[in-house]
Amino acid sequence: MPMVVRSVASLLLGVAFLMLGNGALSTLIGLRLAATDSGTTAVGMITAAYYAGLTLGSLFAHRIITRVGHIRSFSAFASVVSVAALSHALFVDASLWAVLRLTQGFCMAGLYMCIESWLNGTATNESRGQLLSAYMVTLYGASGVGQQLLRLDDETGIRLFMVVSILLTLALVPVALTRTTPPQLPDVSSFGIRRLYQSSPLGVAGVFISGAITGSIYGLAPVFGAASDFGVSGTALFMSVLILGGMALQWPLGRLSDRFDRRSVIIGLTAALSVISVCMIAAAGMNQQLALMLVAPVFGGLSFTIYPICAAHTNDYVRREDMVSASGGLILSNSVGAIIGPPVASALMTVTGPTGLFAFIGGGALCATVYGLWRSRVRPPLPAEEQAAFRPLPQTTPTVSPLDPMSALKSSPEH
């Protein structure tokens with residue numbers, strides 16, 4: 001393990017506990033509600049509530065951190081997230097669960113801010129890339145592995161909520177005991193959506209569609225699994241391969257976007273996602289679970305790669321000193337998509353059946369493809385040698401953007 005990663009191992013361990021618990025909880029909620037009369041529509045609204053909370057937290061949680069400090073804020077946020085997770089076990093009620101998920105979303109944003117600002121404070125210009133990579137692997141890896149906790153479910157439905165709550169509480173321990181000095185929060189002021197859209201229309205539209213797609217996957221893919229008779233174990237495996245596929249394809253596709261016009265890569269990526277979505281619908285229609293499992297990593301990989309490549313495309317058109325503030329606008333656009341997408345996808349699933357999820361995702365990807373083709377006609381491409389190097393960024397809060405090594409460069413020609 002590199003020395004710089006070892007220095008923040010306690011923080012990354014806290015992230016791992018958080019994502020193990022939160023990843024399993026999102027899927028568990030979908031499975032629980034899929035078995036009730038509330039059904040798919042309730043899952044869509046509850047997923048939207050979580051992302052609404054995440055958006056509000058990205059905008060306002062830093063005030064709490066600034067006022068009481070990182071460790072106290074982290075402890076408070078983690079405690080509330082843990083209590084809210086356990087509260088789901090009291091009784092199944094869609095309205096209550098929406099409030100709980102809204103609260104969790106706000107607190108998760110605060111937790112991300114605490115950890116990401118800590119990582120930023122530890123990073124040097126030489127170590128940013130290593131820390132960002134370690135953070136990304138921890139986020140996606142723990143979330144993917146956390147899906148397997150669903151195998152611990154029992155007939156009462158209480159045990160797994162208890163396990164999730166335990167994991168979320170355990171996230172407190174390594175962070176509370178860390179000897180790393182908490183830093184000041186970086187400036188998270190937003191670049192402004194209108195100004196950002198003027199700089200990179202395709203980038204902003206792409207991250208919006210990415211939010212709608214990934215939000216729908218996290219919230220509604222478990223509902224699809226339940227409706228397709230995957231069972232708990234099968235649904236857990238399906239979610240794991242989706243998420244881990246999303247982690248695996250980011251680097252190769254990102255590197256491809258460094259060598260060619262990034263718009264062409266975005267167009268090809270979204271077009272391929274449209275085709276893969278049709279394949280998922282066809283495999284589901286023929287009840288081919290093995291085919292679905294084999295295609296799922298590619299489907300997840302394409303879905304989760306739209307955001308970082310669109311973010312990189314946007315960064316190609318903003319000044320280096322504006323990259324951190326521009327990330328605020330990108331996160332906001334992505335979050336709005338994640339709020340809108342799940343309710344729309346759930347409505348489509350109610351009308352057309354569980355494969356409506358893939359119809360929604362394929363349709364969204366197709367819209368991005370058409371828009372990208374139009375943008376290619378009205379704006380000349382940026383030469384590949386003038387593009388900034390790709391770095392995968394998580395869709396968490398703007399506080400993570402200073403970890404991008406490119407954000408440390410203060411001088412560069414303005415495109």
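Okay, ground rules first. Since the model is predicted, local features need pLDDT of at least 70 and side-chain atom pairs count only at pLDDT 80 or more, while totals for chains, interfaces and linings use all residues. Residues are numbered from 1 along each chain as its sequence is written, and side-chain values use heavy atoms, with hydrogens and water left out.

Let's start with the overall layout. The domain assignment gives us domain 1 (1-177) and domain 2 (189-398); those bounds come from an automatic or database domain assignment. Take the centres over C-alpha atoms and they sit 21 Å apart. At the interface, 35 residues of domain 1 are in contact with 39 residues of domain 2, where contact means heavy atoms within 4.5 Å. And how much area is buried between the two domains? About 3,100 Å², with carbon and sulfur atoms giving 70% of that. Buried area here is the accessible area, with a 1.4 Å probe, that two parts lose on being put together, summed over both. On the domain 1 side, Thr40, Tyr51 and Tyr140 supply 21% of the area buried against domain 2, more than any other three residues.

Now the core. A nonpolar core is a set of buried Ala, Val, Leu, Ile, Met, Phe, Trp, Tyr and Cys residues joined through side-chain atoms within 4.5 Å. Buried, by the way, is under 20% relative accessible area, exposed is over 50%, and partly exposed is in between, with a 1.4 Å probe and protein chains only. The largest core has 116 residues, and those with the most contacts inside it are Phe74, Met108, Tyr135, Phe238 and Phe299. Its largest share, 14 residues, comes from helix H2 (residues 9-34). The core also draws at least three residues from each of domain 1 and domain 2. As background, nonpolar side chains tend to be buried together in soluble globular proteins.

I keep saying helix, so: helices are DSSP runs of H or I with at least four residues, strands are runs of E with at least two, and both are numbered from the N terminus.

Helix H11 (residues 231-248) is worth a stop. It has 18 residues and reaches 26 Å from first C-alpha to last, close to the expected 26 Å; the expected span is 1.5 Å times one less than the number of residues. Buried positions in H11 include Gly234, Ala236, Phe238, Leu242 and Gly246. Which residues does Phe238 touch, not counting those up to four places away in sequence? They are Ala221, Phe224, Phe230, Met280, Leu292, Met293, Ala296 and Phe358. Beyond four places in sequence, leucine 242 is in contact with Ile217, Ala221, Ala296, Phe299, Gly300, Gly301 and Phe304.

In the loop between helix H10 (201-227) and H11 we find aspartate 229. Aspartate 229 has a positive phi of about 60° although it is not a glycine. Is aspartate 229 buried or exposed? Exposed, because its relative accessibility is 63%.

On to helix H5 (residues 94-122): 29 residues, reaching 41 Å, close to the 42 Å expected. Aspartate 93 caps its N-terminal end, with a side-chain oxygen 3.2 Å from the backbone nitrogen of serine 95. For polar contacts the rule is a pair of N or O atoms within 3.5 Å; within protein, one must be able to donate a hydrogen and the other to accept it, and residues adjacent in sequence count only if both atoms are side-chain atoms.

Two polar residues to look at next. Serine 335 sits in helix H15 (residues 323-352) and counts as buried because its relative accessibility is 7%. A polar atom of its side chain lies 2.8 Å from the backbone oxygen of isoleucine 331. Then there's arginine 263, in helix H13 (residues 262-285), which is buried because its relative accessibility is 3%. Leaving aside neighbours within four places, arginine 263 is in contact with Leu202, His313, Arg375, Ser376, Arg379, Pro380 and Pro381.

For contrast, arginine 72 is in helix H4 (residues 70-87) and is exposed, with a relative accessible area of 63%. Finally, valine 173 in helix H8 (residues 172-176) counts as partly exposed, at 41% relative accessibility.
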